[in-house]
Amino acid sequence: FQNSEPARARRWLEQSAGGGNPAAQETLGRTCIEGASVDAACAKKWLEPAAASGRVSAKSVLAWLYAREATPATMARAADLYRSAAAAGDPAAQNNLGELYETGRGVARDASQAFVWYRKSAEGGFGPAQFNLGRLLAFGIGAERDSAAARVWAAKAHDQGIAQAAELLKLIADAERPR
């Protein structure tokens, strides 16, 4: 798209999305949630068909929209979408599915499943999941407590700019100090 012709570019994008192009549908859906306000109805209008076509990243964004509503029905829908996108390898969906299992939102609470999904995402290089995996390892949630592994994952998250990782590293160091 040329910056000098945004209206024309938008028309072409809408024409493509209206014609069933999943990438164009996802792009339009994402424009509905950018900036200060979130227009969920607009986003769903475009993301639903993109997700239904099998577009993994659209499933992940659509799941996020449903999770924001936080009703039992929308949480169940978010979990289904995250599960599908996570199984297809989307690292954000893997992390978010881990969060649902950890908190019991939309699924039965299961710390070991949270650990599994955080690990898949963390191994894929997703910073928030690296933090979450380090946190579970540091406190022995869903797996045996492992301070050394927790430190490694927290450091990786810190290197990616996850601010809370610095505090987690401090907690791990404090817990290892002789009393």
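Author: We take helix pairs, then rings, in this predicted model.

Reader: At what angle do the axes of H9 and H10 cross?

Author: Helix H9 spans residues 147-159, and helix H10 spans residues 164-176. Their axes come within 8 Å and cross at roughly 160 degrees. Angles over 145 degrees count as roughly antiparallel, so H9 is roughly antiparallel to H10. The crossing is left-handed.

Reader: Which residues make the contact?

Author: H9 brings Ser147, Ala150, Arg151, Ala154, Ala155, Ala157 and His158. H10 answers with Ala165, Ala166, Leu168, Leu169, Ile172 and Glu176. Sort them by class: 9 are nonpolar, 2 polar and 2 charged.

Reader: Now H7 and H8. How are they set to each other?

Author: Start with the angle again. The axes of H7 (residues 111-123) and H8 (residues 127-139) cross at roughly 135 degrees and come within 8 Å. H7 and H8 are therefore oblique to each other. Their crossing is left-handed.

Reader: Which residues meet there?

Author: From H7 come Ala114, Phe115, Tyr118, Arg119, Ser121 and Ala122. They meet Ala129, Gln130, Asn132, Leu133, Arg135, Leu136 and Leu137 of H8. The classes are 8 nonpolar, 3 polar and 2 charged.

Reader: How many aromatic pairs are there?

Author: A pair of aromatic rings is described by the distance of the centres and the angle of the planes. Searching the whole structure gives 0 aromatic pairs.

Reader: Which charged ends sit over a ring?

Author: Lys120 has its charged end over the ring of Trp117, 5.2 Å from the ring centre. The charged end of Lys156 sits over the ring of Trp153, at 5.0 Å from its centre.

Notes. Residues numbered from 1 in each chain as written. Predicted model: local features only at pLDDT ≥ 70, side-chain atom pairs only at ≥ 80, totals over all residues. Heavy atoms only, no water. Axes fitted to C-alpha atoms, helices over the stretch in contact; angles between N-to-C directions. Helix = DSSP H or I, 4+ residues; strand = E, 2+ residues; numbered from the N terminus. Parallel < 35°, antiparallel > 145°, perpendicular 65-115°, else oblique. Left-handed = near helix turned anticlockwise from the far one by under 90°. Contact = heavy atoms within 4.5 Å. Nonpolar A, V, L, I, M, F, W, Y, C, P; charged D, E, K, R; others polar. Phe/Tyr/Trp six-rings, centres within 6.5 Å; stacked < 30°, edge-to-face > 60°. Lys NZ or Arg CZ within 6 Å of the ring centre and 35° of its normal.
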